[in-house]
Amino acid sequence: VRWILPLVVGCALVSADSPAEAHRSPESLFNSGKNCQSRLAKSPKRQKLRSNWENCIRDFSALLAQHPRNRLEENSLLALGELYAGLHRYSKNDSDRQKSLEYYRQLISNYPNGSSARTAQRRMNTADPPTRPSSLATVKNIRYWVYPDYTRLVLDLDRNMDYRQEPFMADTMRIRLLRTRLGPAAKKGVADLSEGLLRRVTLKPADPDSMLLSINTKNLAMAPKVLPLSNPERLVIDLFSRGPADEPNSSDAPMEPPQKTSGVPPVFAQPLPIDVRTIVLDPGHGGKDPGAIGRTGLTEKDIVLDIGLRLRSLIRDRMGKKVIMTRQDDTFIPLDDRTLIANSKKADLFVSIHVNSHPQRATRGIEVYHLGQSSDRHAMAVAARENNVSLKSLGSLDRTVKQILFDLGREYNLDQSQTLAHFTRRSFQTTMGSRYDYDVVDHGVKRAPFYVLLNSNMPSILAEVSFISNPAEEQLLRQGPYRQAIAESLFQGLRTYLSSLKPIS
């Protein structure tokens with residue numbers, strides 16, 4: 001009987017530092033991996049077995065683990081990206097697709113000026129989309145956070161799903177979750193969701209393969225807004241009260257959301273702040289997420305934390321404003337938790353701090369973003385990297401932002417975020433030159449659908465303060481005076497913006 005073994009998903013790879021792979025030269029491992037990859041490419045039959053892909057992956061993984069920063073690292077990263085992409089076409093396992101994208105991103109970050117980086121970017125642009133499963137998605141869990149005038153509801157899913165939102169009427173929102181079922185944990189927790197701005201929440205079958213989510217609310221300033229988030233998949237719903245805002249919390253430490261367990265949260269219009277009392281500073285990345293990495297090993301997460309702490313001191317000492325940090329140490333904070341902190345504390349401004357990366361190593365300078373549809377392809381690439389999604393996924397989000405802005409119309413005004421972004425950009429031009437004698441390349445103010453900007457309920461910007469992929473700027477970023485000059489530039493932009501809010505006497 002002629003038969004072919006099925007493609008088994010989830011087999012563990014042999015450790016890269018197992019005895020069989022130990023003490024082999026980088027050339028030996030690389031040549032073995034390339035020969036394996038070549039044999040695999042020539043045999044459709046071999047491609048049907050996961051173990052054959054893993055044999056090739058093991059050689060390149062061992063090379064990276066045993067010989068870091070070796071001259072063969074660049075081509076090994078490309079090979080791993082290609083192997084996981086090829087494996088995904090057979091396994092349909094999205095974790096294989098994500099690993100492929102991770103290796104491509106690492107290659108672009110470590111070797112931005114090489115031909116392999118350009119190849120990796122092309123492969124990312126044409127990567128297979130997430131596999132649309134034939135089975136139903138499952139609502140695994142329901143979580144919510146309750147504050148006096150702000151409530152967030154999150155549905156955790158085991159895979160992506162489509163939904164249809166009905167018009168908000170009589171304090172009730174209805175969302176049809178297509179090809180979705182309710183898991184046991186979520187079924188148990190939905191029964192008692194009647195807290196904060198939630199009067200009653202029900203989630204029940206609408207037909208054999210979909211669910212109807214019904215949310216009865218109270219005292220809302222406007223209709224709830226709903227959008228999906230990915231990695232992991234979830235649906236997030238934000239509700240804001242029309243009641244008076246609470247005084248900001250007296251603690252400067254990052255808030256730990258009082259999570260209760262039982263697409264992207266919306267843009268929400270806020271009146272022009274007359275008295276800015278609380279500013280949230282958001283150093284990007286952290287913990288298990290290093291962000292962009294320079295060729296000498298400098299990480300984005302360390303740089304932006306240091307700049308954020310310096311900026312906090314400037315704001316406190318010179319303006320006497322309250323500052324809340326989304327993180328004060330090397331801690332991983334999920335993207336949606338960052339603006340949950342800002343929204344629940346009723347912050348008046350939100351500033352997210354990042355450093356940039358580009359395939360062309362000669363690229364340097366600063367650029368400041370506010371929420372909107374992407375200004376250009378580079379803005380799309382930056383947002384995809386910071387959101388940790390593919391360009392294809394970001395394209396869908398970019399279209400969603402357009403719909404959000406259209407739906408809100410004049411109720412939502414981007415003027416304050418735009419104004420803050422322009423003041424910050426100008427401050428970099430003047431402050432960096434005077435305080436550090438450095439000719440700043442100004443890439444201007446741009447728009448992009450960053451998750452942290454889309455989530456925030458106040459004027460918000462994201463500043464990319466240098467290019468870590470540029471060798472000269474990476475060396476500057478290692479220096480305390482240069483980081484201080486960046487903090488001073490951000491501070492001066494904030495101070496100029498706050499001065500613009502004062503009425504003319």
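Visitor: Why is Lys 446 called buried?

Guide: Lys 446 has 10% relative accessibility, and buried means under 20% relative accessible area (exposed is over 50%, partly exposed in between; 1.4 Å probe, protein chains only). So Lys 446 counts as buried. Keep in mind that this is a predicted model, where local features need pLDDT of at least 70, side-chain atom pairs count only at pLDDT 80 or more, and totals for chains, interfaces and linings use all residues. Residues are numbered from 1 along each chain as its sequence is written, and side-chain values use heavy atoms, leaving out hydrogens and water.

Visitor: What makes the pair Lys 446 and Glu 367 a polar contact?

Guide: Their side chains come to 3.2 Å, and the definition asks for a pair of N or O atoms within 3.5 Å, one able to donate a hydrogen and the other to accept it (within protein; residues adjacent in sequence count only if both atoms are side-chain atoms). So the pair qualifies.

Visitor: What else does Lys 446 touch, not counting residues up to four places away in sequence?

Guide: Its contacts (heavy atoms within 4.5 Å) include Tyr 369, Asp 376 and His 378.

Visitor: What makes helix H10 mostly covered?

Guide: Eight of its eleven residues are buried, His 378 and Met 380 among them. After H10 comes Asn 388, with a positive phi near 60°.

Visitor: How do helices H5 and H6 pack?

Guide: H5 (residues 94-110) and H6 (residues 115-125) pack at about 145°, with axes 9 Å apart. Angles run from 0 to 180 degrees between N-to-C directions, and axes are lines fitted to C-alpha atoms over the stretch in contact.

Notes. Helices (H or I, at least four residues) and strands (E, at least two) are DSSP runs, numbered from the N terminus.
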